[in-house]
Amino acid sequence: MLAFLRAEDGAVTVDWVVVCAAATGLAIATLELGQSGLSVYSENVRDEVQAPYFHTSWTQ
């Protein structure tokens with residue numbers, strides 16, 4: 001049992017699994033943070049495209 005606990009076989013694999021899990025978690029968190037802003041932006045674009053006229057604060 002002691003030899004099993006001291007063995008370093010597979011340590012690199014464990015490191016890569018931890019790194020990949022962290023990268024996946026960061027990617028999901030980034031998507032969640034950006035999704036609400038992107039939703040509002042896409043709604044604004046849709047409204048402007050479907051409107052019969054073009055009106056923004058900088059065209060007055």
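What follows is a conversation about how the descriptions of this predicted model are reached.

Reader: What makes the protein chain something other than a compact globule of 60 residues?

Author: A compact globule of 60 residues would have a radius of gyration near 10 Å, whereas the protein chain has 25 Å. The C-alpha trace, taken along its principal axes, spans about 75 × 20 × 10 Å, and buried residues account for 2% of the 60 residues.

Reader: Which secondary structure elements does the chain hold, and how does the span of H2 stand against the expected one?

Author: The chain has 2 helices and 0 strands. H2, with its 40 residues, reaches 57 Å from its first C-alpha to its last, which is close to the 58 Å expected at 1.5 Å a residue.

Reader: Why is Leu5 called exposed, and where does Leu5 lie?

Author: Leu5 has a relative accessibility of 59%, and because exposed means over 50%, Leu5 counts as exposed. Leu5 lies in helix H1, which covers residues 2–6. Leu5 also belongs to a nonpolar surface patch with Met1, Leu2 and Phe4, and together these residues have about 540 Å² of accessible area.

Reader: Why does Ala7 count as partly exposed, and where is Ala7 placed?

Author: The relative accessibility of Ala7 is 43%; since buried means under 20% and exposed over 50%, with partly exposed in between, Ala7 counts as partly exposed. Ala7 sits in the loop between H1 and helix H2 (11–50). The C-alpha atom of Ala7 is separated by 40 Å from that of Glu32, with the two residues 25 residues apart along the chain.

Reader: What makes the contact of Arg46 and Asp47 a salt bridge?

Author: The side chains of Arg46 and Asp47 meet at 3.3 Å, N to O, and because the criterion asks for a side-chain nitrogen of Lys or Arg within 4 Å of a carboxyl oxygen of Asp or Glu, the pair qualifies as a salt bridge. In general, side chains of opposite charge can pair when their charged atoms come close. A search of the whole structure finds 1 salt bridge.

Reader: How do you know whether Arg46 and Asp47 are buried, partly exposed or exposed?

Author: Arg46 has 44% relative accessibility and Asp47 has a relative accessible area of 41%.

How values were computed. Residues are numbered from 1 along each chain as its sequence is written. This is a predicted model: local features need pLDDT of at least 70, side-chain atom pairs count only at pLDDT 80 or more; totals for chains, interfaces and linings use all residues. Side-chain values use heavy atoms; hydrogens and water are left out. Helices (H or I, at least four residues) and strands (E, at least two) are DSSP runs, numbered from the N terminus. The radius of gyration is taken over C-alpha atoms; the globule rule is 2.2 Å times the number of residues to the power 0.38. Buried means under 20% relative accessible area, exposed over 50%, partly exposed in between (1.4 Å probe, protein chains only). Patches are made of residues with over 30% relative accessible area and no salt bridge: like charges are joined within 9 Å, nonpolar side chains (Val, Leu, Ile, Met, Phe, Trp, Tyr) within 5 Å. Accessible areas come from the Shrake-Rupley method with a 1.4 Å probe; for residues, only the protein chains shown count as cover. The expected span of a helix is 1.5 Å times one less than its number of residues.
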